[in-house]
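Thanks, everyone. Let me put the model up and walk you through it.

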Amino acid sequence: MRSISLQWVRTLLLVSVFYATPGLADDGEQIAALYADWRSAVESGNIPGYVDLLHPDISLRPPGVAGLDGRANYREFLGPVFDSARYEITIDTPPSVTLLGDTAIVEYDYTILRHPIVDADAKLEPGALVAAKTSAHYIDIVTRDGQGQWKVRLHSWHDWPEVN
């Protein structure tokens with residue numbers, strides 16, 4: 001007789017609850033779509049599209065720096081980021097969503113390639129990606145805004161050490 005791993009049982013229970021609870025599957029799909037739109041905005045350098053996915057009270061918390069708060073500050077931060085480079089995202093581990101009512105924790109692993117624009121004269125703020133390749137584990141909080149739309153409320157990550 002084969003033994004069943006505890007992780008397999010947890011996964012089965014989570015899937016069962018997810019699909020048996022009305023609205024959870026729909027919320028998960030909406031959050032997955034939010035992250036697909038966010039990746040698209042990053043890769044196309046679309047600042048309005050990016051900022052539209054953020055909660056008005058967004059907090060950005062990059063590793064090693066204080067970060068920033070609010071959509072207007074985030075928009076200002078993004079200007080030099082997209083003026084100085086274009087980006088490619090590889091999904092190492094797709095977003096995993098843990099729903100907690102009108103809030104969710106989203107964890108994922110991305111590798112981001114930064115392709116500098118040769119003649120760019122942009123001053124990047126602390127917390128902006130500057131390496132040609134950054135692999136990181138992200139932990140975000142998403143929540144519903146006043147219109148019931150899922151928006152990113154906290155965006156944070158920690159870098160992976162480069163493995164040769």
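The largest nonpolar core has 36 residues. By nonpolar core I mean a set of buried Ala, Val, Leu, Ile, Met, Phe, Trp, Tyr and Cys residues joined through side-chain atoms within 4.5 Å. Buried is under 20% relative accessible area, exposed is over 50%, and partly exposed is in between, with a 1.4 Å probe and protein chains only. Tyr35, Trp38, Tyr50 and Tyr74 have the most contacts inside this core. Helix 2 (24-44), helix 3, strand 1, helix 4, strand 3, strand 4, strand 5 and strand 6 each give it two or more residues. Helix 2 supplies the largest share, six residues. Helices (H or I, at least four residues) and strands (E, at least two) are DSSP runs, numbered from the N terminus.

Take Tyr50. Tyr50 touches Trp38, Ala41, Val42, Tyr74, Leu78, Phe82 and His155, leaving out residues up to four places away in sequence. Contact here is heavy atoms within 4.5 Å.

A word on the source. This is a predicted model, in which local features need pLDDT of at least 70 and side-chain atom pairs count only at pLDDT 80 or more, while totals for chains, interfaces and linings use all residues. Residues are numbered from 1 along each chain as its sequence is written, and side-chain values use heavy atoms, with hydrogens and water left out.

How confident is the predictor? pLDDT is its confidence in each residue, from 0 to 100. The protein averages 87, and 82% of the residues score at least 70. Helix 3 (residues 47-51) is highest, at 98, and helix 1 (residues 6-20) is lowest, at a mean of 48. Over residues 15-22 pLDDT stays under 50, and the model has six contacts beyond four places in sequence for that stretch. Where pLDDT is low, the predicted coordinates should not be read in detail.

Six strands form an open sheet, in the order 2-1-6-5-4-3, with mixed pairing. Strand 2 (68-69) and strand 3 (85-100) stand at the edges with a single partner strand each, so one side of each has no neighbour in the sheet. Two strands pair if DSSP finds at least two bridges between them.

Strand 1 (residues 54-61) pairs with strand 2 in the antiparallel sense, over two bridges. Leu60 has Leu68 as its bridge partner in strand 2. Six residues lie between the strands of that hairpin, where Gly64 takes a positive phi near 80°. Strand 1 and strand 6 run parallel, joined by four bridges. There, Ser59 bridges to Leu154 in strand 6.

Helix 4 (residues 71-84) lies across strand 1, strand 2, strand 3, strand 4 and strand 6 (150-159). Helix 4 runs at about 60° to strand 1. Axes are lines fitted to C-alpha atoms, for helices over the stretch in contact, and angles run from 0 to 180 degrees between N-to-C directions.

Last, two polar residues. Thr111 sits in strand 4 (residues 103-116). Thr111 counts as buried because its relative accessibility is 8%. Its side chain makes a polar contact of 2.8 Å with that of Ser135. A polar contact is a pair of N or O atoms within 3.5 Å; within protein, one must be able to donate a hydrogen and the other to accept it, and residues adjacent in sequence count only if both atoms are side-chain atoms.

His137 is in strand 5 (residues 133-144). At 18% relative accessibility, His137 is buried too.

Methods:
pLDDT is the predictor's confidence in each residue, from 0 to 100.
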